[in-house]
Amino acid sequence: MGMSKAMRQMPERSGWAGEAGGEAARQPVSDEACGPSQEHQGTGSAKQKAGAGLLLAAALTRENLQAAWKRVKANKGAAGVDRLDIEQTQRLLQTTWPQICRELLTGTYRPMPVRRVMIPKPDGSQRELGIPTVTDRLIQQALLQVLQPLIDPTFSEHSHGFRPGRSAHDAVKAARAYVQSGKRVVVDVDLAKFFDRCNHDILVDRLRRRISDQSVLRLIRAYLNAGIMEGGVKMERQQGTPQGGPLSPLLANVLLDDVDKALEARGYSFARYADDANVYVSSMKAGERVMAWLRRLYGKLKLQINEAKSAVGSAFRRKFLGYELWVGKGREVKCAVAAKAQNDFKARIRQLTRRSGGRSMEQVVQGLRPYLLGWKGYFRMAQTPRVWRGLDEWLRHRLRALQLKQWKRGTTMYRELLSMGARADVAHRVAANSRRWWRNSTTGLNSVLTLAWFDQLGLPRLS
């Protein structure tokens with residue numbers, strides 16, 4: 001093990017603290033988080049277990065750190081502001097970890113700023129990510145493995161985002177059940193730049209209600225205040241918890257749980273996934289009252305509703321987590337892929353199939369596979385076979401056009417099509433219209449670049 005030398009410097013686990021760190025790391029889930037240990041199932045308040053110093057000691061046990069390192073390494077990810085990747089950090093920690101550990105235990109450790117990365121979105125806007133150094137990702141992951149089993153059971157049952165054993169599918173299923181029960185009006189709430197506007201003081205206060213280990217609270221505050229680096233310039237931040245670190249999703253849920261509990265207390269039917277929340281009611285009038293109330297609740301947390309993306313309306317005309325609802329036979333409420341998600345899919349496919357780099361069709365298909373399989377897995381709840389077939393046909397049409405572009409000249413098209421078993425008249429017709437790639441990619445060409453041909457290339461089918 002590459003980290004074993006550094007891990008020999010870790011304190012041996014002892015008592016409850018070590019068990020918490022080890023157990024929390026045994027059930028891996030998404031977002032570098034591990035599931036709760038059996039001994040903490042149903043915990044009502046994290047304060048019952050989190051004595052002073054115990055949580056940090058649990059996070060820094062050898063077993064917990066080794067599990068955290070395994071998770072960080074598996075997630076790969078880019079280097080932070082120190083420009084050190086996983087392997088380089090591994091070698092460095094073999095000599096520097098004892099000093100880092102002492103600083104963590106004495107409260108003198110100062111995280112490095114996160115590296116700012118802007119990720120383009122299909123609509124042309126950008127999402128900001130903050131990439132911590134690998135060392136800080138390790139420390140955050142170790143903290144997460146100890147904190148999550150304590151804090152997660154205190155969250156609302158209506159919260160589905162970034163939690164062990166829960167997913168976006170659970171939120172969509174809950175939404176469908178509410179609409180099926182007759183609540184056909186939705187209060188669709190999206191928060192404006194939530195991760196950028198998260199108030200540090202309010203967040204730490206809500207965290208303090210759940211844990212009493214001051215050393216952990218100080219360390220989390222240090223991460224919140226670490227700042228962000230762009231172009232070699234460090235920018236201080238008084239608010240926000242940048243997406244990209246293992247702790248960010250848990251901290252987001254801690255802050256938003258206030259609103260969840262308020263909705264629960266009034267008996268509302270709702271589902272939340274991160275900063276997307278849908279409340280289901282029976283009338284537009286009731287929906288408008290809920291929206292006004294939510295504005296006040298989020299205002300107390302110094303958060304703002306994105307008015308452009310939020311609205312009160314028919315549950316069948318609003319999308320939720322990429323899905324939309326429709327009514328099938330027998331008045332059964334079903335799921336479909338939202339129109340915007342379909343457009344985003346096509347935009348991403350166009351990016352992945354650009355005619356550049358001299359790639360063969362085999363290489364293009366291999367580049368598409370991870371995205372197609374992930375997209376198909378996420379939208380597997382959609383009950384619209386014709387939509388799947390339509391996207392399949394569009395994708396193959398685009399790839400056929402791309403193949404013609406790669407052949408370029410009519411003579412090359414004619415020769416290649418004949419070699420693939422095409423009839424001479426079909427090959428001649430395609431070659432004669434060599435510059436009309438999209439129009440050429442139908443009818444006759446389908447008999448040559450067939451479904452079986454794409455299957456042999458390894459192209460996943462959506463339908």
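I began with Lys76, which counts as exposed at 59% relative accessibility (exposed means over 50% relative accessible area, buried under 20%, partly exposed in between, with a 1.4 Å probe and protein chains only). I noted that this is a predicted model, in which local features need pLDDT of at least 70, side-chain atom pairs count only at pLDDT 80 or more, and totals for chains, interfaces and linings use all residues. Residues are numbered from 1 along each chain as its sequence is written, and side-chain values use heavy atoms, with hydrogens and water left out.

I placed Lys76 in the loop between helix H4 (62-75) and helix H5 (86-106); helices (H or I, at least four residues) and strands (E, at least two) are DSSP runs, numbered from the N terminus. Lys76 has a positive phi of about 55° and is not a glycine. Most residues other than glycine have a negative phi.

I then looked up Lys193, in the loop between strand E3 (185-190) and helix H8 (194-197). Lys193 has a positive phi of about 45° and is exposed, at 58%.

I turned to E3 itself. Because 6 of its 6 residues are buried, E3 is largely enclosed by the rest of the structure. Val185, Val187 and Val189 point one way, and Val186, Asp188 and Asp190 the other. E3 runs antiparallel to strand E7 (residues 276-281), with 6 bridges (two strands pair if DSSP finds at least two bridges between them). I found Val279 as the bridge partner of Val187. E3 also runs antiparallel to strand E8 (residues 311-314), with 4 bridges, and Val185 stands opposite Ser314 there.
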